Amino acid sequence: MQRRPIFEFWYEFASTYSYLAAMRIERLAEEVGVEVVWRPFLLGPIFQAQGLDNSPFNVYPDKGRYMWRDMEREAVRVGLPFYRPKSFPQNSLLAARIAALGTETGWTPIFTKAVYMAEFGEGRDISDREILVGILDGLGLDPEGIIAEAQSDANKMRLRRMSEEAQSRGVFGAPTFFAEDGEMFWGNDRLEQALEWAVTQARRSEIPL
């Protein structure tokens, strides 16, 4: 059986550009024969290590204004709805814990996309537990059981370790992508380039595609 090269997608639910990447990555990866591994993590500890207590888009207003306008343009370009949330960044802790739990059973991608659509496609508040309950229920999952397990000590540690791994590997923002050879790419605008790199390196390594 031919093996597909692994492509890691590290994302944070509060990240605007991760929304654009999450909604495109499966189709693009399938087209080139790459297997995506979804890796939710928290940017807060990484920003704190950089001396920031808020999103850089809030710390630097000019950068923030540019980002919001750029998001409007990019969403139109790729055919996605976009609404600016009333508060930014949103508290994404519970959503991230749920997504981390889903990595064990395989529903992380559909949950992730549903959360992003609610947040940036519909302008809803993903820090609201009931929003997440509705998303899980709409996916045919067990909201109460999943949320209870997501809040367990074991799962909290799972997300913490994932976030620590991201920081140890030099991740400083989201979305971040890693090809199988460890090459890192940052930003939604690098998604296609990152996938091309992953395929090229796989061929050079004689991994059958």
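**Figure 1. Helix 6 meets helix 9.** The axes of helix 6 (residues 93–102) and helix 9 come within 9 Å and cross at roughly 95°. This view, like those that follow, comes from a predicted model. Angles from 65 to 115 degrees count as roughly perpendicular. Helix 6 and helix 9 are therefore roughly perpendicular to each other. On the helix 6 side, the contact uses Leu94, Arg97, Ile98 and Leu101. Helix 9 answers with Ile146, Ile147, Glu149 and Ala150.

**Figure 2. Helix 8 crosses helix 9.** Two packed helices are described by the angle between their axes and the distance between the axes. Here, helix 8 spans residues 129–138 and helix 9 spans residues 143–150. Their axes come within 9 Å and cross at roughly 120°. That angle makes helix 8 oblique to helix 9. The crossing of the two helices is right-handed. Helix 8 makes the contact through Arg129, Val133, Leu136 and Asp137. Helix 9 brings Pro143, Glu144, Ile146 and Ile147. Ile146 and Ile147 also meet helix 6.

**Figure 3. Aromatic rings pair up.** The structure holds 20 aromatic pairs. One of them joins Tyr11 and Trp38. This pair is edge-to-face, with 80° between the planes and 5.9 Å from centre to centre. Tyr11 lies in strand 1 (residues 6–11) and Trp38 in strand 2 (residues 35–40), so the pair ties together parts that are 27 residues apart in sequence. Both Tyr11 and Trp38 are buried.

**Figure 4. Tyr17 pairs with Phe57.** These two rings form a tilted aromatic pair. Their centres are 6.4 Å apart, and there is 55° between the planes. Tyr17 belongs to helix 1 (residues 16–22) and Phe57 to helix 4 (residues 56–59), so the pair links parts that are 40 residues apart in sequence. Buried means under 20% relative accessible area. Tyr17 has 16%, so Tyr17 is buried.

**Figure 5. A charge sits over a ring.** Look for Arg169 and Phe178. The charged end of Arg169 sits over the ring of Phe178. The distance to the ring centre is 4.0 Å.

**Figure 6. Ile25 and its neighbours.** Ile25 lies in helix 2 (residues 25–32). The relative accessibility of Ile25 is 0%, so Ile25 counts as buried. Which residues does Ile25 touch, not counting those up to four places away in sequence? They are Phe7, Phe9, Val36, Trp38, Phe177 and Leu191. Trp38 is also the partner of Tyr11 in an aromatic pair.

**Figure 7. Ser92 in its loop.** Ser92 is found between helix 5 (61–78) and helix 6. Leaving out residues up to four places away in sequence, Ser92 touches Glu12, Phe13, Ala14, Leu42 and Ile126.

**Figure 8. Gln167 contacts Ile46.** Gln167 has its place in helix 10 (residues 153–168). With 35% relative accessibility, Gln167 counts as partly exposed. Gln167 and Ile46 are 121 residues apart in sequence. In space, their C-alpha atoms are 6.4 Å apart. Gln167 touches Pro45, Ile46 and Ala49, not counting residues up to four places away in sequence.

How values were computed:
Residues numbered from 1 in each chain as written. Predicted model: local features only at pLDDT ≥ 70, side-chain atom pairs only at ≥ 80, totals over all residues. Heavy atoms only, no water. Phe/Tyr/Trp six-rings, centres within 6.5 Å; stacked < 30°, edge-to-face > 60°. Helix = DSSP H or I, 4+ residues; strand = E, 2+ residues; numbered from the N terminus. Buried < 20%, exposed > 50% of the residue type's maximum accessible area, 1.4 Å probe, protein only. Lys NZ or Arg CZ within 6 Å of the ring centre and 35° of its normal. Axes fitted to C-alpha atoms, helices over the stretch in contact; angles between N-to-C directions. Parallel < 35°, antiparallel > 145°, perpendicular 65-115°, else oblique. Left-handed = near helix turned anticlockwise from the far one by under 90°. Contact = heavy atoms within 4.5 Å.
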